[in-house]
Structure formats: structure tokens, C-alpha cells
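Visitor: Could we go through this one together, a bit at a time? I'll just ask whatever comes to mind.

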Amino acid sequence: MSHRVAEPGAASARLGDRAFRGLTLAVGMGLIAVLVVVLWVLAQGGAPALARFGPGFLVGRNWDPVHQSFGALPYVFGTLVTSAIAITLAVPVAVGLAILLNEPVGRAVTAPLASFVDVLAAIPSVVYGLWGLAVLSPAMERHVEPFLRATIGRIPILGRLFSGTPSGGDLFTAGVVLAIMILPIVTAISREVFSVVPRDLREAAKALGATRYETIRMGVLPYARPGIVGATMLGLGRALGETIAVSMVVGGGRSVGASLFAAGSTIPSVIASQFLNAQGIGYHRPALLALALVLVTISLSLAALSRLMVRRTARLLDGGSVEGAAEGPALEVSG
Amino acid sequence: MIASAQTGAAATFGRRRLKDRAFTAFLWACGGVALVPLGVIAYYVVRRGLPALSVAFFTKTPAGPLDPSAGGMVQSFIGSGLIVGMACLISIPLGILTAIYLSEYGRGRIADAIRFVAEILLSTPSIVAGLVVSAVVVTAMRSFSAIAGSLAISLLMWPVITRATEEILRLVPQELREGALALGLPRWKVILRIVIPTAGAGILTAMMLAVARGLGETAPILLTALGSDYVNSSPWRPTDAVPLRIYDYARQPLEALQQVAWGGAITLMVGVLVLSIGARVLSARQERRLR
């Protein structure tokens, strides 16, 4: 080493190295700083509302900027209900699709299918919204919702969800649009999980004469379960935060009732529709910032948890190949 | 005895096969169900969007309420270009530098933390990016502006570029780095002259994906750039964008305005799909080359 220091230019090369490393590190830390700043701005701005209304902020039903009363229950409710519908509809399809794409058969068909699902992820939110508003909502109002009311609507308890007058612009339609929007991401993460389930488990099951269904049920699904839960949580996190498409089809009401055919609002949709008018003094603006704090905390926590679960599945099954791949090429020659 | 046991086994096997058939059918049904929305959306976007395209659509600003169909949305195209262009200038260097740290230097807790944050920031609700920038930048500048929209979109693009670039940098063969280092080249030069050019097309892919994401975002610019009926090329003034215009017109009762919204949708879709499909093709080719 010592003879290199004596070489002309070695010192400056080392200086350059240190500077460049420092620069990339600083920028990388900047990304963490972004997260901190986002949370800080929302906490700072939302604090007055949280202090003024306390727990009533999340359970109160009355959201009235004119009389400075802010209870966000209808928005929290709408967010949870639309996301729950989306998860219920999307996860079974996504898991089935992921299994199908992971199977060695029918590649000629399944490979393009995978690309089509990826294309679904690229469609902008506002296009989903436009389609939802102009095409899906009327179809829901005229055909799907009356049908559901006449069938499932007659079952005693479950039927209450599908009671009421179909309107098309409601929690149910928003849930359906959300389901389509989160399908690609839930499929992608599920595929990632299935792909790390060791082949030998499948082979062993097959060698015992198991059918494909039995192979998957006994040799694949038990190992993939935490990962599928992780994929679901990521989908849920995305669904909670989706703004534009939902706000175009959810109806803009404030329902907290059992019927899915009622017009509702979600946290993102109410922020989108009210923030521009909430510039004055009072609690309107703090209330919206506090809502955003609640939203971002939940969806980032879900994303974090989901990542941890998927990573753990991968590590358990694969001796840490995901982690290993992430650390592989980093050559430590610094300092 | 033997005969009845055999029929029993046959019945069991029959049931098992039936279950298997049903399951296989379910899997293919999932594939079918997943295709329906894409097909339906594409169909309507083309059918209702194509008739809206005209010379005026691409060259004129919105016409008055008397003859709305004579107007276009040129201000939206220019605005989208301005907002996303500036967002690229901000987020591409930041994203690539972050990725370089993660793939070339990053080890241990700090790198893990940055990687983890980049991953969860991909799930940031887009309205939150707009809200935070609006609360800070728009409030400070006392004006909605294109630059505020760019900042909001940069928040979303940064982690996208970082994740995609890191992945591609990891595909660059380790031997290349070692060889260059052995020749006495300082590490930063190895990265800038060997690693980055080798990964070139892959990094371009990452940028294309991020631009596609940025072009389609509505919520972040709704609260920051606000929108405008006029052509604007100043970063400091309220600015229109294609998704914003679609969002606005889609909810108007006038048929002519809704048609313009569909025209916006088809141009936006084409732009975004060309970018993301192009990125996919490029990156498949790149991965083949590096592996």
C-alpha cells in the first residue's frame, strides 16, 4: 500500500473517491430525509386539529368547515370499505394468476398474459377514473348492482351490503376500480414469492403421485402463505392511498352505513377535493393535513411490514437469496 | 373384497382428478378475468379517444363555452412537458446517485435503511406528495407553479429510479470493476467510466419507467400546479397538464368536453405505454446481454 501513496496522483485519486462516495451517501441519506420531512410537515401542520379534536377526530361523524367541526369518520370508513372490497376481489384472482404464471405449462399463453397484467399497472390513475366514471359507473348502476341486489341482497345479513338504491357512483364501484388497479402489484409480489418456493418440494409431491392441485396445496401454498399476506398488505397500502380514480367514482357522499351502494368519500379523495379551498385560518387545513398523516402512516407501515414478510419468506425458503443478491456485487474497497 | 377396494380407489382417484380439473379451470379463469379490464379499458379509450383527435386538439387552447369542441389542450401538453421535464432534471441525478451508493458502496445498516426507505416510498400515496409540497412550497411562494408540481412528482420518481437503477447496476459483471480497479483506476472513475456506461441502456430503462409514472400522475399536481387555460412556459406560474385536464373535463356535463377528455386519455395512454413497454423490451435485451 505504502508505495502507492508515494505515486503522484494517488492522493488526489483517494480524495476523489472519498468525495464521490460522500456525495452518493449524502444523496442517499436525502431520500431518508424526504420521508422524515414528509412526516414532519404533516405532523406539524396537523397537530392543531389533532390537539383540538382529540380521538373524536377519527370517530366523529360531523365534518363541517363552516362551523369548524371536524370528525373524519366518514372518510376513514370510506377508505377502509373501498380498500376492503378491492382486496376481497383482487387477491384471489392475483394469487390464482400468480400460480398460473408460475406453472411450467402453457408458457405460450401465460408469458404474454404476464405482460398484459404488467400493462395494467402502467395505465394512469386518471384514465381508470375516466373509464370508471363514463363506462363502469353506468354499467354498475343499470346492470351489476340491481343484479346483486336481487340475488345476494336477499340473503339475511350479507344482503345488507347490497341493499339500497344502486347509483353507480358509490363505494362499491370505487372498490371494483381499486381491485383492477392493485391486481398487477399483488400478482407481481405473489409471483416473486412463488418463484422462491424450492422446486424439490413440488418434485417430491409430484413423485408421490400428487395431482397439480395437491402439489400446489401441499407443496407450495403453505410455504408461500406469509409472502401472500405480504403481497396483500402491499396491495392494501396502495388501495388506501389511491386518489384520483377513486375520487372520480366514489360519489363524494359521506355514508357510514352498511350499504355499499351509497356515495362515500375516502381520505385521499377528500384531501383532493377540499384542500384548495382550505387556505384560510381555522381548523380545516390542519384537519386535512392530520388526515394525510394518518393515511401516510398507515400505508407506509403496511408497505414496510409487507416488505419484511416477503423478505422473510424468501430468506426462509431460499437461504437468503434475496438478501444475498442485494449484497452480492458490493465490493468494499473504500477508505 | 378386492373388487370393492378397487372401485373405492377408482372413486377416490376420480374425485382427486375432478378437484384438480376444477382447480386448473380456476387458474385459467383468473387469467381470463385479469385480461377483461385491460381489454375493456383499451377498447373504450380507442373508440372514444380517436374521434377526439384533430389538429385543433393538439394546437389550440380551450375554446369558449359557446363552441367547446373547437378548442384543444395544447397548454396541457406543453405543461406536462415542462412539469415532467423539470421533475426529470431533479429526480434523475438524485435517483442515480442513490442507486450508485446502494450498489457500489452500500453495505451495512445505512445502506439497508436507504434501500428499505426507497422501497416503502414507492407506496407513498400520490396525493400526500402533492399535499406536502403544496403546504411547504406553494405556501412559501404564495403561488401555484409548475416547479411545485415538478417537486411533488420528483418525490415519487426518485425511489422509482433508485430501485430500477440499482437492480441494473447489480447486473454489471463484478470482473469489469475488479479489472479496472486492478489497473489502478480510482473507484469513482471505475463507476463513472465503466459501470455506468455498461449499464447504460438499463439506466435509460429506469428513466423511461419513471417518466411514464410522472406523466400519468394527477393527484400531486392537482394541489401544486393547479392547471391553467393558457399556454405557460414559466416554472413560476400555474400550469396545466394532460392528466389534470382529463380529470377536469371528465366531470363536466358537456359532451364536447368529455370527448376532449377521452382524446387526452388516448394520447396519455399511448405516451405512457410506449415508454413502459419500450422500457421492458430494452431491459429484457440488456439483461440478456449482461447475463
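Visitor: Is T165(B) buried or exposed?
Guide: T165(B) counts as buried because its relative accessibility is 0%, where buried means under 20% relative accessible area, exposed means over 50% and partly exposed lies in between, using a 1.4 Å probe and protein chains only. Please keep in mind that this is a predicted model, in which local features need pLDDT of at least 70 and side-chain atom pairs count only at pLDDT 80 or more, while totals for chains, interfaces and linings use all residues. Residues are numbered from 1 along each chain as its sequence is written, chains are lettered from A and ligands numbered from 1 in the order in which they are written, and side-chain values use heavy atoms, with hydrogens and water left out.

Visitor: Which helix does T165(B) lie in, and what does it touch?
Guide: T165(B) is part of helix α6 of chain B, residues 146–171; helices here are DSSP runs of H or I with at least four residues, strands are runs of E with at least two, and both are numbered from the N terminus. Not counting residues up to four places away in sequence, T165(B) touches I96(B), A99(B), I203(B) and A206(B), a contact being heavy atoms within 4.5 Å.

Visitor: Now D229(B): where does that one lie?
Guide: D229(B) sits in the loop of chain B between α9 (219–222) and α10 (242–250), and it counts as partly exposed because its relative accessible area is 40%.

Visitor: And which residues is D229(B) in contact with?
Guide: Leaving aside its neighbours within four places in sequence, D229(B) is in contact with T61(B), P62(B), Q75(B) and R245(B). With R245(B) there is also a polar contact of 2.8 Å between the side chains, where a polar contact is a pair of N or O atoms within 3.5 Å; within protein, one must be able to donate a hydrogen and the other to accept it, and residues adjacent in sequence count only if both atoms are side-chain atoms.

Visitor: How many Å apart in space are D229(B) and G214(B)?
Guide: From C-alpha to C-alpha, D229(B) and G214(B) are 21 Å apart in space, and they are 15 residues apart in sequence.

Visitor: Let's change topic. How is chain B divided into domains?
Guide: Chain B has domain 1 at 2–52 and domain 2 at 56–290, with bounds that come from an automatic or database domain assignment. The C-alpha centres of these two domains of chain B lie 38 Å apart, and the contact takes 8 residues from domain 1 of chain B and 9 residues from domain 2 of chain B.

Visitor: What area is buried between those two domains of chain B?
Guide: Domain 1 and domain 2 of chain B bury about 760 Å² between them, and carbon and sulfur atoms give 72% of that; buried area is the accessible area (1.4 Å probe) that two parts lose on being put together, summed over both. V45(B), R48(B) and A52(B) supply 68% of the area that domain 1 of chain B buries against domain 2 of chain B, more than any other three residues.

Visitor: Which residue forms a salt bridge with R48(B)?
Guide: R48(B) pairs with E255(B), the closest N and O atoms being 3.7 Å apart, and a salt bridge here is a side-chain nitrogen of Lys or Arg within 4 Å of a carboxyl oxygen of Asp or Glu. The count between domain 1 and domain 2 of chain B is 1 salt bridge.

Visitor: How many salt bridges are there between the two domains of chain A?
Guide: Between domain 1 and domain 2 of chain A the count is 0 salt bridges. Chain A is divided at 2–51 for domain 1 and 54–327 for domain 2, and the buried area between these domains of chain A is about 910 Å², of which carbon and sulfur atoms give 83%.

Visitor: Last topic: how many residues of chain B are in contact with chain A?
Guide: There are 89 residues of chain B in contact with 89 residues of chain A, and about 7900 Å² is buried between the two chains, of which carbon and sulfur atoms give 78%. W28(B), Y105(B) and L131(B) supply 8% of the area that chain B buries against chain A, more than any other three residues.

Visitor: And how many salt bridges across that interface?
Guide: The rule finds 4 salt bridges across the interface of chain B and chain A, and E119(B) forms a salt bridge with R311(A), with the closest N and O atoms 3.8 Å apart.
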